[in-house]
Amino acid sequence: MLGLIVLLQMLVILRYFGRAGAEVIGGSILALTLVYLWISTHSLKEGHIKLDQKEMPWLYESIARMAKKAGIRMPNVYLLDDYIPNAYSFRNSIVLSMGLFEVLEKDEILGVAAHELGHIKNRDTLLFPLVVYARYLMILLMAVALLLSHSLFAKVISIMFYAMYEIERVNFFNDREFQADETALSLLDRPLSLKEALEELKYYEDLRAHVKESALPGIEPSIERKQKKGIMDTHPTYDERILRIIFAVEGASIRNILK
């Protein structure tokens, strides 16, 4: 659906601006692609330390085992020298901040890692940046229509397409977070360890309000201390995720009993 909306917006620009519109679209896509490539090659900032199997064999071997179970190759695992509890993934890599090791037990850290493995398995590390940069393209094209078009219809339809994209973008991100949790539950020896990790991380949201990477799949929801769900929040709240995990685990237990 997101791709269709972007295509329709491009067709509007082509319809009302012709060759100039094609040049605007092509130039915008090229510029955004270059920005993405530059950012993706500089994803590892100062303070990222590649995990050494000898230093934390329990973590390395557990992630390797879960990756094999998920049917993906062993990801690169980096430890981030940051006291703020945080985790995210990009390409075939997982980043875990040192702050996680201060507030979570080993099983809970594995729960967080399993969530990031879920994003990698579900190809979110590719899809999330595409959705984010497509949003920038939608904003640019809408601005062109609003500022340069003499057609009221072109302006209105461009605004409408952008609004549709925003709604679908929010739904997409929320769904992918739930899917990453579901994948994590299937990888963990103790599925409830993810629930326990989320319960603990709820209390550190204020510290992480300024470190969220919106283009990268991560463990964090939209930051909201009181866990109120905003209309345009791109992540479900911790409470929503915890409730779903409980239902999934309890449902699986009931099904096993009935067999």
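Biologist: What is the mean pLDDT of the protein chain?

Modeller: The mean is 86, and 84% of the residues reach 70 or more. Helix α4 (residues 106-121) has the highest confidence, at a mean of 96. Helix α8 (residues 238-258) has the lowest, at 77.

Biologist: Over which residues is the pLDDT below 50?

Modeller: Start with the general idea. Where pLDDT is low, the predicted coordinates should not be read in detail. Here that applies to residues 220-228, where pLDDT is below 50. Beyond near neighbours in sequence, this stretch has 30 contacts in the model.

Biologist: Now the sheet. In what order do the four strands stand?

Modeller: Again, the general idea leads. Strands of a sheet pair through backbone hydrogen bonds, either parallel or antiparallel. In this model the order is β1-β2-β4-β3, the sheet is open and the pairing is mixed.

Biologist: Which strands stand at the edges?

Modeller: Those are β1 (48-50) and β3. Each has a single partner strand, so one side of each lacks a neighbour in the sheet. From one strand to the next, the twist averages 25°.

Biologist: What about β3 and β4: parallel or antiparallel?

Modeller: Antiparallel, with four bridges joining strand β3 (residues 87-90) to β4. V95 of β4 is the bridge partner of Y88.

Biologist: How many residues of β4 are buried?

Modeller: For burial, the cut-off is under 20% relative accessible area. Five of the five residues of strand β4 (residues 93-97) are buried, so the strand is largely enclosed by the rest of the structure.

Biologist: Which residues lie on each side of β4?

Modeller: S93, V95 and S97 are on one side, I94 and L96 on the other. All of these are buried, and both faces of β4 are covered.

Biologist: Which strands does α4 lie across?

Modeller: Helix α4 lies across β3 and β4. The helix runs at about 150° to β4.

Terms used
Residues numbered from 1 in each chain as written. Predicted model: local features only at pLDDT ≥ 70, side-chain atom pairs only at ≥ 80, totals over all residues. Heavy atoms only, no water. pLDDT = per-residue confidence, 0-100. Helix = DSSP H or I, 4+ residues; strand = E, 2+ residues; numbered from the N terminus. Contact = heavy atoms within 4.5 Å. Buried < 20%, exposed > 50% of the residue type's maximum accessible area, 1.4 Å probe, protein only. Pairing = 2+ DSSP bridges. Axes fitted to C-alpha atoms, helices over the stretch in contact; angles between N-to-C directions.
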